[in-house]
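Please look at the structure below with one topic in mind, namely the spaces inside and around a protein and what lies along them. The briefing is meant for a reader who is new to such models.

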Amino acid sequence: MSAVKSPEITIENFRKHKKNKTKFSALTCYDATLSKTLSDNGVEMILVGDSLGMVIQGHDSTLPVSVDDIIYHLRCVKKGNLSAHIMADMPFMSCATEDLAFENASRIMQAGANSIKIEGGQWMLNITKTLSSQGIPICAHIGLTPQSINRIGGYSVQGRDPKDKKKILKEAIELQDAGAEMILFECIPDSLTNSLVDNLSIPTIGIGAGPKTDGQIMVLHDILGISPLAKKPKFVKDYLAENNSIQEAISSYVYEVREGIFPSKEHTFLD
Ligand code: KIV
């Protein structure tokens, strides 16, 4: 018999954070042992991210990750998780057509996700509208979208010039209007994050987007100082370097996010 668990955290919890201007922490995770550790230490959202292609499978991008890979890791995470909200990524090309999006999102939700994350701006509006109208909670992901790395040309900060800023702001509002329940910004300057957060009514989550978002998310391996990347990105803080155990590192990350200590200026892209 499996252990009795608390009910999983719902999107309402994140709406409350937005309303009350309190912060929540999220981390990626891909297995049962660490998902138990994360939820034990107060992480409110776990993302089964397609970053697993890089940190688990050793690829140099997230593109090779399949829906089956996400489902396999989602099932592992689900077993260890006590009460965190589990979000799962829709991997590269899994939303290429409406039929594919329906089939893949259904499989991922039926495998135990509480919500799904879809990378892309304007080009994901219709998919967001169709899936959310079927009751699937969607987190949109804009700014740096690693699945488009071959078009973008590198893992660089997005939305620095006024034209791009305007485009990202417009996309965010349109995705919210299309039914996205949450929105994640990756690698954008803090001035853009500030106007996004002020102009959106849904909860926002940031990675490399400064301190203003309602939630912060990081790749677990990055905060444990074992990222496969040759150079540590500016927005990454190695919590294991200043703590004595993985548990302490995670709990310190949760504390610093909640108290608004992380991300500091040192981890934020300015204009
Ligand atoms: O897959 C992932 O880990 C992500 C984070 C970068 C947010 O999408």
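This is a predicted model: local features need pLDDT of at least 70, side-chain atom pairs count only at pLDDT 80 or more; totals for chains, interfaces and linings use all residues.

Residues are numbered from 1 along each chain as its sequence is written, and side-chain values use heavy atoms, with hydrogens and water left out.

**The ligand and its surroundings**

- Around the ligand there are 13 residues, and T28, D50, S51, D89 and K117 come nearest; a residue counts as near if one of its heavy atoms lies within 4 Å of the molecule.
- The shell around the ligand consists of five nonpolar, four polar and four charged residues, where Ala, Val, Leu, Ile, Met, Phe, Trp, Tyr, Cys and Pro count as nonpolar, Asp, Glu, Lys and Arg as charged, and the others, Gly among them, as polar.
- In the side chain of S51, an N or O atom is 2.5 Å from an oxygen atom of the ligand.
- A polar side-chain atom of D50 lies 3.0 Å from a ligand oxygen atom, and for D89 the corresponding distance is 3.1 Å.
- Of the 260 Å² of accessible area that the ligand has on its own, the protein covers 95%, with areas taken from the Shrake-Rupley method with a 1.4 Å probe.

**The largest pocket**

- The ligand takes up the space of the largest pocket; on a 1 Å grid over the protein atoms alone, a pocket is an open set of points with protein on both sides within 12 Å along at least five of seven lines, a cavity is a set where a 1.4 Å probe fits but cannot get out, and lining residues have an atom within 4 Å of a point.
- The volume of the largest pocket is about 600 Å³.
- Its lining is made up of 32 residues, and P146, Y155, E186, V219 and F235 lie nearest the centre of the pocket.
- By class, the lining of the largest pocket divides into 18 nonpolar, seven polar and seven charged residues.

**The cavity**

- The count comes to one cavity of 30 Å³ or more, and about 40 Å³ of space lies in the largest cavity.
- Among the residues that line the largest cavity are G208, M218, F235, F262 and P263, and by class this lining has five nonpolar, four polar and no charged residues.

**Two points of the backbone**

- F262 and P263 are joined by a cis peptide bond, with omega at about 0 degrees.
- K21 is not a glycine, although its phi is positive, at about 55 degrees.

Notes: A polar contact is a pair of N or O atoms within 3.5 Å; within protein, one must be able to donate a hydrogen and the other to accept it, and residues adjacent in sequence count only if both atoms are side-chain atoms. A molecule sits in a cavity or pocket if more than half of its atoms lie within 2 Å of its grid points. Grid points are joined across faces, edges and corners, and a volume is the space filled by probe spheres set on the points.
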